[in-house]
Amino acid sequence: MHVNEEARESLLKEVNGISDDNLNKQPDAASWSIKQILEHLFLMEGVIVKMIENELENGKDVQTKPKPIELTVNRDQKVQAPDFAVPSDDFATLEELKLKLEASHQGLAQLVTNADEHVLANRAFLHPVFGEMSLNQWIPFIGWHEKRHTLQIKEVKTVLGLA
């Protein structure tokens, strides 16, 4: 969970102090607002936790090779967000988003506390870029994914003149 805690701290540091209006402002029609990026992050974290829980309960043991999940931060490789993690255009406040991020993160922390390490290492599900990935790699993947989007937030802040 170290990478996850580090990523969350960095993310919150990056968004603290941004007004709700600027948070909801899109840099252009094709790009997400900071609010949409934050919404995407808690949606992804929540779904990944549910998928891990499902595999822990119903999955079968499989052998997978470790994946280079740290490459997730490479913003040169574009990845389409899955439908379940596409954010809305609805207005939201930073406080609302922080509460949702905290809730999804607590779900992850609880999962990690309660899960059997052996089962996490021997069960997997498909990642759209890396292929079949063990559950124990999905946990730090959430942190690497968050780091990727913290870089995106920095880009959006620059475009909006907030950096």
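Leaving aside neighbours within four places in sequence, Pro27 is in contact (heavy atoms within 4.5 Å) with Trp32, Ser33, Val156, Val159 and Leu160. Pro27 is placed in the loop between helix H2 (20-23) and H3, where helices (H or I, at least four residues) and strands (E, at least two) are DSSP runs numbered from the N terminus. The model is a predicted one, in which local features need pLDDT of at least 70, side-chain atom pairs count only at pLDDT 80 or more, and totals for chains, interfaces and linings use all residues. Residues are numbered from 1 along each chain as its sequence is written, and side-chain values use heavy atoms, with hydrogens and water left out.

**Nonpolar cores**

- The largest nonpolar core has 18 residues, of which Ile48, Ile52, Leu108, Leu120, Met133, Trp138 and Phe141 touch the most other members; a nonpolar core is a set of buried Ala, Val, Leu, Ile, Met, Phe, Trp, Tyr and Cys residues joined through side-chain atoms within 4.5 Å.
- At least two residues of this core are supplied by each of helix H3 (34-58), helix H4 (94-114) and helix H6 (135-159), and the largest share, five residues, comes from H6.
- A second, separate core of 15 residues includes Ile18, Ala92, Leu101 and Val156.
- Met133, not counting residues up to four places away in sequence, touches Thr64, Lys67, Ile69, Arg123, Ala124, Phe125, His127, Trp138 and Phe141.

**Aromatic cluster**

- Searching the whole structure gives two aromatic pairs; rings of Phe, Tyr and Trp (its six-membered ring) pair if their centres lie within 6.5 Å, and planes under 30 degrees apart count as stacked, over 60 as edge-to-face and the rest as tilted.
- The ring centres of Phe125 and Trp138 are 4.3 Å apart and the planes lie at 15°, so this pair is stacked; it links distant parts of the chain, with Phe125 in strand S1 (residues 124-127) and Trp138 in helix H6, 13 residues apart.
- Trp138 and Phe141 form an edge-to-face pair, at 5.3 Å centre to centre and with 75° between the planes, and both residues lie in helix H6, three residues apart, which is about one turn of the helix.
- Phe125, Trp138 and Phe141 form one aromatic cluster; Phe125 and Trp138 are both buried, and Phe141 counts as buried at 4% relative accessibility, given that buried means under 20% relative accessible area, exposed over 50% and partly exposed in between (1.4 Å probe, protein chains only).

**Helix packing**

- The axes of H3 and H6 come within 10 Å and cross at roughly 175°; axes are lines fitted to C-alpha atoms, for helices over the stretch in contact, and angles run from 0 to 180 degrees between N-to-C directions.
- H3 and H6 are therefore roughly antiparallel to each other, in a scheme where angles under 35 degrees count as roughly parallel, over 145 as roughly antiparallel, 65 to 115 as roughly perpendicular and the rest as oblique.
- In this contact, residues of H3 including Ile48, Ile52 and Leu56 meet residues of H6 including Trp138, Phe141 and Val156.
- By class, the contact of H3 with H6 has 15 nonpolar, four polar and four charged residues; Ala, Val, Leu, Ile, Met, Phe, Trp, Tyr, Cys and Pro count as nonpolar, Asp, Glu, Lys and Arg as charged, and the others, Gly among them, as polar.
- The axes of helix H1 (residues 2-15) and H4 come within 12 Å and cross at roughly 180°, and these two helices are therefore roughly antiparallel to each other.
- The contact of H1 with H4 is made by residues including Arg8, Leu11 and Leu12 of H1 and Leu101, His105 and Leu108 of H4, and its residues divide into six nonpolar, three polar and four charged.

**Individual positions**

- Glu146, found in helix H6, counts as buried at 2% relative accessibility, and touches Ala7, Arg8, Leu11 and Leu41, not counting residues up to four places away in sequence.
- The C-alpha atoms of Glu146 and Thr72 are separated by 9.2 Å, although these residues are 74 residues apart along the chain.
- Ala115 has its place in the loop between H4 and helix H5 (117-122) and is buried, with a relative accessible area of 15%.
- Ala115 touches Leu56 and Leu120, not counting residues up to four places away in sequence, and the C-alpha atoms of Ala115 and Leu56, 59 residues apart along the chain, are separated by 7.9 Å.
- The C-alpha atoms of Pro27 and Gly161, 134 residues apart along the chain, are separated by 9.8 Å.
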